[in-house]
Amino acid sequence: MSEKKFLSGDEAFAEGVRLARPQVISAYPITPQTVVVERLSEMVERGDLDADYLHVESEHSALSAAIGAAAAGARAFTATSSQGLLYMAECLTYAAGGRFPIVMMNANRSTCLPWNIYGDQRDSLSLLDHGWIQVYAENAQEALDLALMAYRLGEDARVRTPVMVCLDGFALTHTYETVDVPSPAEADAFLPPYETSNRFDFEHPVSIGYTAGPAYNRYYKQREHLDMLAAAQVVDEVEGEFARTIGRAYPGVVDAWHCEDAEEIVVTLGSIAGEVRDVASRLRAAGRKVGVLRIRYLRPLPGPEIVAAVSGARAVAVLEKDVSFGAEGTVFTNVNSALHRAGCPVPTRNFIGGLGGDDITEGQVMQIFDALHQVAGSDAARVPDVTFLNIADQGGER
Amino acid sequence: MSDYSEGKGLRIPRLRTDALEPGDYADSTCFPAGWLAETNAGWRLKRPVIDAETCAGCLQCYLYCPDGAIRKTHTDDVAVFVDVDFCKGCGICKTVCAFGSISMVDEGEAKKTDAARAAARGEGERA
């Protein structure tokens with residue numbers, strides 16, 4: 001039987017990892033990820049988890065060791081945040097191109113300079129193109145459940161791709177809630193042991209991690225791309241199996257809230273979605289037709305699902321905790337691309353907030369919905385394409 | 001002088017591009033040993049040639065080669081041969097050879113010799 005525990009996001013994720021039974025954990029501590037690897041090291045020390053725990057000397061080594069473990073056929077886990085993730089960046093493509101389905105937790109945190117330990121999403125969003133599935137949790141329960149589902153998804157024979165599970169730093173990693181922790185038997189029923197032929201094998205020697213030059217390289221890259229796209233369908237299957245064995249249902253690559261009849265929709269991701277829905281539910285009670293679309297999986301890009309959710313709206317905002325300097329928010333770019341490809345003409349605006357851990361207040365969310373109301377009406381020109389929240393001066397004309 | 005660059009049956013099996021489809025190999029970088037995706041020899045300006053008469057079989061060249069392109073022959077007449085499909089022509093083998101048994105010859109000239117030899121056997125030029 002499952003049991004209720006009062007856990008932080010980091011602690012909940014550690015419980016999920018324990019239930020996934022990784023054989024190798026390699027990690028280097030970094031705020032706000034530290035708690036998850038502390039809890040896991042304690043579990044290994046107590047014997048609650050039968051894993052080799054490697055306290056390596058850097059994040060680059062953490063992922064390198066996980067890749068080595070995966071190449072030996074082991075289920076591997078690592079976790080990091082911010083500069084640590086950036087330091088791993090070289091290894092991200094090794095894991096993805098080698099098709100090693102490692103699971104990593106990333107505690108979303110600002111990137112320096114200026115130095116800052118608090119949450120925003122610039123770290124993981126800057127690495128969208130490195131071949132990892134990226135999923136963003138909203139709360140600690142989802143975080144725990146994603147730890148289990150990420151292995152089932154990444155290890156699926158049709159996917160064979162590493163998975164990065166992102167938790168908003170502090171807002172999710174360090175806040176506590178009641179979490180339902182499945183029993184080991186329930187978790188085992190959901191997640192079978194990892195078996196693969198993509199590994200060292202002394203009986204049947206293989207060359208692993210080799211060169212592929214101009215004559216062959218494209219085939220590997222196309223395969224990575226197509227298998228990542230195929231993961232979107234596998235997410236639905238994995239969640240169906242999770243609901244059957246564990247008893248909790250999830251809505252697929254996106255989580256649409258009252259989007260069917262909404263005229264104004266805020267698209268966002270991560271833990272802020274709860275607050276946006278709170279504001280939206282008050283607006284709906286007051287008669288405003290508003291909706292919220294939470295992107296859960298950003299890779300594979302849920303293009304068709306985004307289009308299906310917002311194509312009936314009159315204005316769409318993308319609220320995100322990052323900016324691609326000199327362009328716009330990265331999620332905004334991705335959403336716009338999906339809409340453009342589908343020929344969906346709904347006007348969109350970008351709202352960038354929460355940088356370096358800044359609070360995104362209910363008042364700011366209300367401002368976003370009010371701005372969407374202007375965009376949907378006759379005042380669209382008064383709402384700039386990109387707005388930085390909580391700053392009076394929005395800068396130049398471009 | 002024995003020329004083991006031709007392999008004499010010792011050559012490692014290579015991928016035949018007409019024998020495999022991308023779907024057979026492109027889903028990971030893990031494939032049975034001996035089936036490599038391609039050769040890597042185009043950088044070479046000089047080719048090492050081992051003199052079997054003076055080679056002592058000490059295996060220093062085999063150990064030092066940074067590309068693993070020097071292989072054991074497992075025969076009595078000479079200990080090693082150069083896998084010319086992977087030799088980059090760096091000359092480290094010549095430098096470490098204590099017996100002066102390795103000479104670096106001009107690659108263009110060596111290719112002409114290869115072609116003449118292949119023509120004499122009635123084969124096309126090896127890829």
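Student: What share of the contacts in chain B with a separation of 6 or more comes from residues 24 or more positions apart?
Tutor: That share is 64%. Keep in mind that this is a predicted model. A pair counts as a contact because its C-beta atoms, placed from the backbone, lie within 7 Å.

Student: What makes up the secondary structure of chain B?
Tutor: Chain B has 4 helices and 5 strands. Follow the sequence and you read α-β-β-α-β-β-α-β-α.

Student: How much of chain B is buried?
Tutor: Of its 127 residues, 22% are buried. To get that label, a residue needs 20 or more other C-beta atoms within 10 Å of its own.

Student: What makes up the contact between chains A and B?
Tutor: Chain A puts in 21 residues and chain B 13. On the chain B side, strand β1 (residues 30–32) gives the most, with 3 residues. By type, that side has 8 nonpolar, 3 polar and 2 charged residues.

Student: How do you know that β9 of chain A pairs with β1(B)?
Tutor: Count the bridges. Pairing takes at least two, and strand β9 (residues 206–208) of chain A has 3 to β1(B), running antiparallel. One example is A:Val206, whose bridge partner in β1(B) is B:Pro32.

Student: Why is β4 of chain A called mostly covered?
Tutor: Strand β4 (residues 76–81) has 6 of its 6 residues buried. A:Ala76, A:Thr78 and A:Thr80 point one way, A:Phe77, A:Ala79 and A:Ser81 point the other way, and all are buried. In general, side chains of a regular strand alternate between the two faces of the sheet.

Student: Which strands pair with β4(A), and in what sense?
Tutor: Strand β2 (residues 24–27) of chain A pairs with β4(A) in the parallel sense over 2 bridges, and there A:Ile25 has A:Phe77 as its bridge partner. Strand β5 (residues 103–108) of chain A is also parallel to β4(A), over 5 bridges; here A:Thr78 is partnered by A:Met104.

Student: What makes β10 and β16 of chain A edge strands?
Tutor: Start with the order: β10-β12-β11-β14-β15-β16 of chain A, an open sheet of 6 strands with mixed pairing. β10 (254–257) and β16 (386–388) each have a single partner strand, so one side of each has no neighbour in the sheet. From one strand to the next, the twist averages 20 degrees.

Student: Which helix lies across β10, β11, β12 and β14 of chain A?
Tutor: That's α10 (residues 272–285) of chain A, running at about 165 degrees to β12(A) (290–295).

Student: What are the domains of chain A, and how far apart are their C-alpha centres?
Tutor: Chain A is divided into domain 1 (3–245) and domain 2 (254–388), with C-alpha centres 28 Å apart. Where the two touch, 27 residues of domain 1 are in contact with 22 of domain 2. On the domain 1 side, the largest share, 5 residues, comes from α9(A), and that side has 16 nonpolar, 7 polar and 4 charged residues.

Definitions and conventions. Residues are numbered from 1 along each chain as its sequence is written. Chains are lettered from A and ligands numbered from 1 in the order in which they are written. This is a predicted model: local features need pLDDT of at least 70, side-chain atom pairs count only at pLDDT 80 or more; totals for chains, interfaces and linings use all residues. Ala, Val, Leu, Ile, Met, Phe, Trp, Tyr, Cys and Pro count as nonpolar, Asp, Glu, Lys and Arg as charged, and the others, Gly among them, as polar. Domain bounds come from an automatic or database domain assignment. A residue is buried if 20 or more other C-beta atoms lie within 10 Å of its own, exposed if 12 or fewer, and partly exposed in between; C-beta atoms are placed from the backbone. Axes are lines fitted to C-alpha atoms, for helices over the stretch in contact, and angles run from 0 to 180 degrees between N-to-C directions.
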